[in-house]
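I opened this model to look up a few helices and some backbone details, and I kept notes as I went.

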Amino acid sequence: MNLEMICGKTGYIDTGYGLVAVYRSSDSEVILFDSGDEHADEIILLFDSLDLKIRAIVCTHLHYDHTANNNILYDRYKPEIFLYGHDFANFKMRTSPHYPYNIIDPTSDLVIDGISFKIIPTPGHTPDHLAFVTPDDVCCIGDALISQPLLSESKLPYIEDVEQAILTMEEIRRMKYPHFLVCHKGVVLSKDMPSLIDDNIKKELELYDVIQNQITAPTLIEDAVVEFMRQRKISESRIQQSYTMRNTVRARILTLAEAGEFKIEGEYIVPFK
Ligand SMILES: [Zn+2]
């Protein structure tokens, strides 16, 4: 594991499944944006070798793969931890946080040791998802987008509210930051953002086509969810066990219904023709 610099004092480490943004807040300290869910020991080894301590951890959202290392890193460095979200019950159940944390106020900049990080609400992936901009104008957009080639390989990107996610993507399209750090996974230059956003939106529209072609008669929503996941070749065990994955499919079906493509009658989804 290495600390790769993007520009100025902003860089990242690659924890395997995702990227963790790193801001060098002083000669001896760093601020992390998210902490990853594995390789905490390697993170500690890396920062020890660089004589750096973790001053703070700021989370873009409460998903396990962005917060799970908080416990181990807290034990080692006692950083301040900043979180935001309404889904604290699920977060606590999955990550058992044993550290104190500060709730972020998304209406103003986050200031740590006099350093300001702009906060941009970026709902869709989760309702409370936040992006942060470092003083080097690197925009850490968390999971608001997926970069290639991961996007093409993904059977089912996790999104809780597709309409909102696409509005967020269009908002990101208007941002003029030179660098965007996408957790899964890469540093994307401003000039490459429009095509990446197009790819992310296209993926969603393809998934909508799958749902529309699939539902030709009144169907129990739960059956439609399972059938859709089978068509996307998601394993039976994941279909059965992953409540969050089923939820993301359900969200897509309901978005299509809200857009007037289907009717919802009780627990059934009903095509118009
Ligand atoms: Zn996430």
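My entries below go from helices to loops.

**Ground rules.** I am working from a predicted model, in which local features need pLDDT of at least 70 and side-chain atom pairs count only at pLDDT 80 or more, while totals for chains, interfaces and linings use all residues. I number residues from 1 along each chain as its sequence is written.

**Helix α6.** I took helices (H or I, at least four residues) and strands (E, at least two) as DSSP runs, numbered from the N terminus. Helix α6 covers residues 162-174, and at 1.5 Å a residue its 13 residues should span 18 Å, which agrees with the 19 Å between its end C-alpha atoms; the expected span is 1.5 Å times one less than the number of residues.

Next I looked up burial, where a residue is buried if 20 or more other C-beta atoms lie within 10 Å of its own, exposed if 12 or fewer, and partly exposed in between, with C-beta atoms placed from the backbone. I found Val-162, Ala-165, Thr-168, Met-169 and Ile-172 of α6 buried. They lie on the same side of α6, because they cover an arc of only 115° around the axis, the arc being that of the directions from the helix axis to the C-beta atoms. On the other side of α6, I noted Glu-170 and Arg-174 as exposed. The cover over the buried residues of α6 includes β11 (138-142), α7 (193-214) and α10 (243-258), where contact means C-beta atoms, placed from the backbone, within 7 Å.

**α8 against α10.** I then checked helix α8 (residues 221-231), whose axis comes within 9 Å of that of α10 and crosses it at roughly 110°. Axes here are lines fitted to C-alpha atoms, for helices over the stretch in contact, with angles from 0 to 180 degrees between N-to-C directions. The two helices α8 and α10 are therefore roughly perpendicular to each other, the class for 65 to 115 degrees (under 35 is roughly parallel, over 145 roughly antiparallel, the rest oblique). Residues of α8, including Ile-221 and Phe-228, meet residues of α10, including Met-245 and Ile-253.

**Loops.** I found a cis peptide bond from Gln-148 to Pro-149, with omega near 5°, and Pro-149 sits in the loop between β11 and α5 (150-153). Another cis peptide bond joins His-184 and Lys-185, with omega about -5°.

Ser-96, although not a glycine, has a positive phi of about 40°, and counts as exposed with 9 C-beta neighbours inside 10 Å.

How values were computed: Contact = placed C-beta atoms within 7 Å.
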